[in-house]
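Biologist: I'd like a close look at just one part of this model, please. Could you walk me through it slowly, as if I were new to this?

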Amino acid sequence: MEQQSLVRWTCVNGCVDEDGSREHMALSPREQCPGHESEAKVTWTKGLCLSPGQDSQSGGHIGPVGKPAPGDQIMWASWWFWPLVAICIADQFRDQAVQIMQDTPAIDGHNDLPWQLLKSFNNQLLDTRANLSSLAHTHTNIPKLKAGFVGGQFWSAYTPCDTQNKDAVKRTLEQIDVVHRMCQLYPETFVCVTNSTGIRQAFQEGKVASLVGVEGGHSIDSSLAVLRALYHLGMRYLTLTHSCNTPWADNWLVDTGTDTAQSQGLSSFGQRQTGSLVMVNFYNDYVSCKAEANLSQVADHLDHIKAVAGAGAVGFGGDFDGVSRLPSGLEDVSKYPDLVAELLRRKWTEAEVRGVLADNLLRVFEEVEQVSNHTQAPGEEVIPLTQLEPSCRTQYGYSKSSGKHLQPGALLASLVPLLLCQGLL
Ligand SMILES: [Zn+2]
């Protein structure tokens, strides 16, 4: 037996029958399957490559192999061969993605499942239809989270802009509450945490570290006291605006000309922000500017951010269950390994991939925690009553002397320790 040919050739998908007989139908140069040679555990499992050195005598895996059989050479020219190689390579990257994600699961920065729970079940988790193990109409459920190797999730506490100046704070509290109850009801799957140590612990336990992000500055009703209280309830980021201006920040529609600028953007805050993360939203319209998009276009965005800001600035903020259209190939949270496989195919290093999965967020989170630990006495500024929509408000605490004008930048600067990341939606 010419062992060198076992080194030279690597078997790919479908090359071995259940009974161990070798079929000359799927051989390729080993370089077509880099990395698979070491998969010693590969035996009869279809879809995986065989390790070199295995044969029917020593390992019982493949039959004696000498020089490539005539059939092999014919095979090179066969129409089906190269597609098969492509499948092999694709599988290789996906296998590698799964291998990486077993150690470093994905942390996603934005998921609107709580909003779906409100809309469909008025947050009644005990409703049998709301069972998170079998929930079918959402992008997110427990089996999909497991299949997607999601190990950390910032659940979005979102209330629409039409609650501004009305019941936005109450609605926000209710959405935080439903996240807490998810953790209570499914303790085998979710663990509510509030810091980087908690996330790492959840990774160890194979659970989904569950954190709260509040979506839209209107949720704090221009009150630093509300902001702090939300923090104590577990909120670990606040996106500055949704689709409405607040008295202290303009929303994105100002850039489109749909809304009028009131605060001249975020310039004072932007100068202060460091160590941030861009957590990419998967909404088709943002990804492709069209109703249709695909996984590859999402990877293009990740490539672009990597080129502009470095791989250490990239994260995922899929917006699952917060948007109506998602790219083909990224239809729900179970598809994260496919996106990671695409990054590997694009020659992202393993360290870069681990970064976008979790390490970048953990790094920034820990930096924020350091800042938070050294934050001085909390600010006591109040926003002038004149800047608030008055129809549903009492005026307790306000007097003529307390109406000093608060610069928007002062309020924004006060947010710095709490802002972990700036989502795109
Ligand atoms: Zn959202």
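Predicted model: local features only at pLDDT ≥ 70, side-chain atom pairs only at ≥ 80, totals over all residues.

Biologist: Let's take helix H4 (residues 113-121) and helix H6 (residues 168-185): at roughly what angle do their axes cross?

Modeller: The axes of H4 and H6 cross at roughly 105°, coming within 10 Å. Angles of 65 to 115 degrees count as roughly perpendicular, so that's the label for H4 and H6. On the H4 side, the contact is made by Pro 114, Leu 117 and Leu 118, and on the H6 side by Gln 175, Val 178 and Val 179. Sort those by class and you get 5 nonpolar residues, 1 polar and no charged ones.

Now stay with H6. This helix has 18 residues and reaches 26 Å from its first C-alpha to its last, close to the 26 Å expected. Its buried residues are Ala 168, Thr 172, Gln 175, Ile 176, Val 178, Val 179 and Met 182. They cover an arc of only 150° around the axis, so they sit on the same side of H6. Look at the face turned away from that buried side and you'll find the exposed residues Lys 170 and Gln 184.

What does the buried side of H6 pack against? H4 is one of its partners. Strands are there too: E4 (150-158), E5 (190-192), E6 (208-215) and E7 (235-238). Helix H8 (224-232) also packs against the buried residues of H6.

One last stop, in the loop between E6 and H8: that's where you'll find Ser 222. Most residues other than glycine have a negative phi. Ser 222, though, has a positive phi of about 55°. With 22 C-beta neighbours inside 10 Å, Ser 222 counts as buried.

Note on methods. Residues numbered from 1 in each chain as written. Axes fitted to C-alpha atoms, helices over the stretch in contact; angles between N-to-C directions. Helix = DSSP H or I, 4+ residues; strand = E, 2+ residues; numbered from the N terminus. Parallel < 35°, antiparallel > 145°, perpendicular 65-115°, else oblique. Contact = placed C-beta atoms within 7 Å. Nonpolar A, V, L, I, M, F, W, Y, C, P; charged D, E, K, R; others polar. Expected span 1.5 Å × (residues − 1). Buried ≥ 20, exposed ≤ 12 C-beta atoms within 10 Å, placed from the backbone. Arc of directions from axis to C-beta.
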